[in-house]
Structures are given as C-alpha cells and as structure tokens.
Amino acid sequence: MVRWVKRLTTTVNIVFLFAFFLYGRTGIATVGGVVNLVWAFDERLPSSIRRFLRVWALMINTAFLAYGAFSGVPSTLALFLAGSSLLSWNAGLFLERWGDAPLTIQYQYLRQLGTRVALGLLAGLSAATLQGHVTLFFLPVFLLMSAAGFLWLRIISEALKNRNPG
Amino acid sequence: MTRAWSVITSLSLILLLGGLVLKNGALLAVALPYLLFSLIPFWRSLEEPRLAIERRLEPHHLWGGQPCHMTLSIQNVGNNLEEVSLADVLPAGLRGEGDLKYHGRLWAGQTETLFSIVRGVRGKYEFSGVKVVTSDLLGMSRHEEFVPSAGTLAVLPAMERLEGLKISPRRTRVYTGAIRSRESGAGVEFFGTRGYVPGDPLRHLNWKAGARWDILITNLFEQERVADVGIILDARSIVEVRADGESLFEHSIQAAASLAEYFLREGNRVGLLIYGRMIEWTFPGYGRQQRSRILAALAQAELGEHAVFKELERLPTRLFPSESQIVLVSPLLPRDVHMLRYLRALGYRVLVISPDAIAFEKLFLPQDEYTALAERIARMERNATLSKLRRAQVNVVEWDVTLPLRIPIKQAMVGLKRWYAG
C-alpha cells in the first residue's frame, strides 16, 4: 500500500509542478516534471541510484516550490507541493527500510505520516491565511481549525501515552 | 537522528532563514511542514531497547563441514519497539544460512526465535553478540547498540580412522595394552623359553623342547602394555606450503588428530606438543576426555613464526617420558635431521609422519619441464634427508596428502615390523 501511496504522491507532484506552467514557470515545470516522473518509477533502479534520486528529487522540489513561492506562485500551490513531496520522500524511505512490511504496520505508518504532513500543511496554510495569501471564508476556516485542533489533540495524547507506557 | 532527519532539517532551516532574510511570508509558510517534520524526534523520543538474547548451539563441538544448529531467542523485556533490526554478528570464518537477521516490530514481552545453520573450517569461534537497530516508522530517529550474546563453537579437525600402526617404545607403562613390552608375562606373542618352575601352567609347557633336552621347559609370552606416546605437530611457518587456498598444515593437523585418536583407542597415554608460534603442550592422558582435549588443542592450532622456535633444536625433550615413543608430524627440513638424531640418542623411539610438500606444491604448478626439473632437485634433497633419518633409525612414513594416511602407514608397516623385530 505504501508503494502505491508513493507512486500516487509522486504523480501528484508532477501535477502540481505542471500547474507552474500557468504562472509562466515553464522551465521549472519541465525539469521538475521529468525528475518526478523518474522518481515515480524508480523501483527497478539500483538501490544506490534510488537513494540518490530520492534525496535530490526532494531537494529539487523544495528549491522549485521556494522559488515559486518567492516569485509569485500562490502559496497554497507551493504548500501542497511541499506536502506531497514530503509524503513521497518519506514513503520511499520506508520502502527502502521495510519493503515487505505487514499491512498493519503499513497502516500504522501511513497514519503517522499523514498526521504529521497534514499538521504541517495546516500550519503552513494558517500562516498563509494570516498573511492574507488565502481568502478567508467561514466554512473552510472552520473545517481547517477543527481538523487542526483534532490533530493536535491526537498527537499530544499519543505523545503522553508513549511517555507513560502501561 | 538519521541522515534523513539531517536532510529535512537542513531544508527547513534554509527555507526559514530564506523567508526571514528576504522578509517573505510565503517562504516562511512553506517552511512550516518541513520544520514540523524535523521536530518529530523531539516530541517523541525513541526508547532504548531492552532485549534479552539467548544463544543455543547444537552441537558445541563439531567436525569440519558438519552443520551446527543455532537458535537465537530474543525477548523484548522493555517497551514496545515499532521497528527493530537485528543482525547476528558471526565470527570471521563462519558461514551462516537461515535467519541471521530480523526486521520487524517487537512488542513488550514478545519473543522472536531465529533458526540458522552455521558451518566453518577448523578453529574455535567466540560469538560476541547481536547488532540491534531501533528506529521510528518515519525514519527520523535511530538507536544502534550491540547486545552481547556469548557462545563458543569449536570446529574440530577432520580425522581418519587408522589401523595397524605398530610402535615399539623401549619403555612401557604398567597397564595392559597393545604394545609389546619386551618383558615376559601374560600375553599372546611368543617371547622365549625357560625351565619349568612349579606353579607354571601346564598348557605352557613346550613338549618338543622338553623332549629334546629331557627337562621340563615352559614357553614364555611377551606382555602387551600401554605406552607413552608424544605427538609433536610441527607448526613452524617455515615448513608451510600454501597454494590456491589449500594448506599443507591442515593435512598435518588431520594426521596428528588421526594419530592421537588411534593411539588413545589402543589405550595408550598420549600427549600433544604444538611447536611453532610457541610451545603448546597438552599434558598426556588416557581415554575420551584426552581425545577431546587434544582435538580442542588441534582445533586452535595456528602456524607461528618465532625466532626461538625456528629450529627443532628448542624441542623440550623433558616433556616426554624417557624412552617413550615420539611421533613427529612434519614436512621436515634438511636441518631437522640433527634434532631427530639427538632424540634417538636419548633413547626415544621416533616415528616421523611427513606430508610430502613437493607432491603437494606440484599440484598447483604448471606441468612443464621447469616444474619437472625443480621437482627433481627438491626430491633429491628430500630423499637425502629421509635416508639420513632412516640411517639414524628414525622411522619415516612419507605421505602424499592426496592419498589417505592409512595407505602409506600400511606400506611402511611392512618395513617397520622387520625393523622392530631386529
């Protein structure tokens, strides 16, 4: 399952990078798209190349989204690209360590990963909203705030549970 | 922390600093998901693993090539471990098959058992422990430690069952055995005759001799007793021949083990001296325990290069009872003749089992005229050495190691019987 999550998020990266076309960043979109396309189907490559590609794809995506955010591409697009890049990078990392993990472990891993990335995205979106990059409507703000509060509570309770086992 | 954590933290800091320096809010907002990811290890610290590892080896002692079944029981006596990697660290020289690694989770109280088969060449192997790596599922933090789990495995040298090797030391021990003692008494071999003494068993009367001399004559029989046998294994580096991963020394060890097993089976008191790196002495003894001691010593035998023990002259003769049997297992050097003559002069019976270094080395050389010429020259030198020894009444069994040891021993025994009779 993690394998499919990785494939899917890498494809989403390509979609987000292609959205850069709309803002005139054709070079970034093309280079980023090609790198992510190779990354999406890197399973048959040797592990050393895979490892190299994973780190460099993340760095390239980060560099492109930072440049995009700096040069006027909407923050939300950059943030979603950051979120999906983190997801595919960490999924690749997990697959390398534990490619044949049981399904229960994969679920547990995806829950942990999803929580962290969602929380990061929400924090980023909140920051963008505060800066006026995102137009505020009641319903999305309410939903986002509720989701963020729920996630915070989950993480704090999980941390407390792990500190006092038994 | 892991390398992945370093990458993500570096990226988050670059974005953060970039946002602050350029006073760009969008960059700061983008930095937040990265920053949160890099903070994971701080809000959820990784527990140190507490594992109880037990190693079982079945059997502890085995012959070269024989498999040893190893069971490794790992119990988590601490808290839950989400992801743990275990790798058994095998001593150098051992080969393992089966479960030597484990990757998975270990809940508190859970026990995992790993089964594997290990094989090795002759030697003594000390297991040290298991490398344990724990990490969180996201791969952001990692803890590595070495959990000791001791175990000892002795791979004994291969042995050959020998038969019919006769020795005849001047002095024997008091217990009944298989070696002719040169004294009359209870035995089966005819020793001589003497005048009848009341009390002599009538079935021992020699009627033919009595008829000839007109007196009663009794047959005497030679007592058969056990003897002291000292086996000397030549472990000097200077006599070693090694080619294509094959070692002549291994054949010498095999010969020493076979001889020790044979002499102990015959009831003799056997000691072992490994002469090379230093003097490694296994005190003489009888029976199975002594066999185990000798095989354990041979399992650990190594070649050595020591200025003091470069020549056989330093052989500590006092270790061997006077007039006992000494068996030297050595490829021999021409200059060793002097010491072997000296041993004979001291009254020891000396038997040399000499693995043929020339025939062994020839196996790994190109079969051309140069090799043939070199072999001829070396063979002449060796023959001269062996004939010097034979003249000094040292029994020599020359052993082409491609053949089983029992074959040259059988051939040599024909000549030796004649020699012992004299």
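This is a predicted model: local features need pLDDT of at least 70, side-chain atom pairs count only at pLDDT 80 or more; totals for chains, interfaces and linings use all residues.
Student: How do you know what confidence chain B has?

Tutor: The predictor gives each residue a confidence from 0 to 100, the pLDDT; for chain B the mean is 86, and 96% of its residues reach 70 or more. The model as a whole scores ipTM 0.82 and pTM 0.66.

Student: Why are helix 4 of chain A and helix 2 of chain B called roughly parallel?

Tutor: Helices here are DSSP runs of H or I with at least four residues, strands are runs of E with at least two, and both are numbered from the N terminus. Axes are lines fitted to C-alpha atoms, for helices over the stretch in contact, and angles run from 0 to 180 degrees between N-to-C directions. Angles under 35 degrees count as roughly parallel, over 145 as roughly antiparallel, 65 to 115 as roughly perpendicular and the rest as oblique. Helix 4 (residues 75–97) of chain A and helix 2 of chain B pack at about 20°, with their axes 9 Å apart, and they are therefore roughly parallel.

Student: Which residues meet where helix 4 of chain A packs on helix 2 of chain B?

Tutor: Among them are A:Leu79, A:Ala82 and A:Leu86 from helix 4 of chain A, and B:Val30, B:Tyr34 and B:Phe37 from helix 2 of chain B. Ala, Val, Leu, Ile, Met, Phe, Trp, Tyr, Cys and Pro count as nonpolar, Asp, Glu, Lys and Arg as charged, and the others, Gly among them, as polar; the residues of this contact divide into 10 nonpolar, 2 polar and no charged.

Student: How many residues of chain B are in contact with chain A?

Tutor: Two residues are in contact if their C-beta atoms, placed from the backbone, lie within 7 Å, and 28 residues of chain B are in contact with 37 residues of chain A. Helix 2 of chain B gives the most to that side of chain B, with 11 residues, and by class the side has 19 nonpolar, 6 polar and 3 charged residues.

Student: What makes strands 3 and 7 of chain B a pair?

Tutor: Two strands pair if DSSP finds at least two bridges between them; strand 3 (residues 68–76) and strand 7 (residues 111–120) of chain B have 8 bridges, in the antiparallel sense, and B:Thr71 stands opposite B:Phe115 in strand 7.

Student: Why do strand 1 and strand 5 of chain B stand at the edges?

Tutor: The open sheet has 4 strands in the order 1-3-7-5, with antiparallel pairing. Strand 1 (51–58) and strand 5 (94–98) of chain B each have a single partner strand, so one side of each is left without a neighbour in the sheet.

Student: What is the peptide bond from B:Glu58 to B:Pro59, cis or trans?

Tutor: Most residues other than glycine have a negative phi, and most peptide bonds are trans. The bond from B:Glu58 to B:Pro59 is cis, with omega near -5°, and B:Pro59 is found in the loop between strand 1 and strand 2 of chain B. B:Asp244 has a positive phi of about 55° although it is not a glycine.

Definitions and conventions. Residues are numbered from 1 along each chain as its sequence is written. Chains are lettered from A and ligands numbered from 1 in the order in which they are written.
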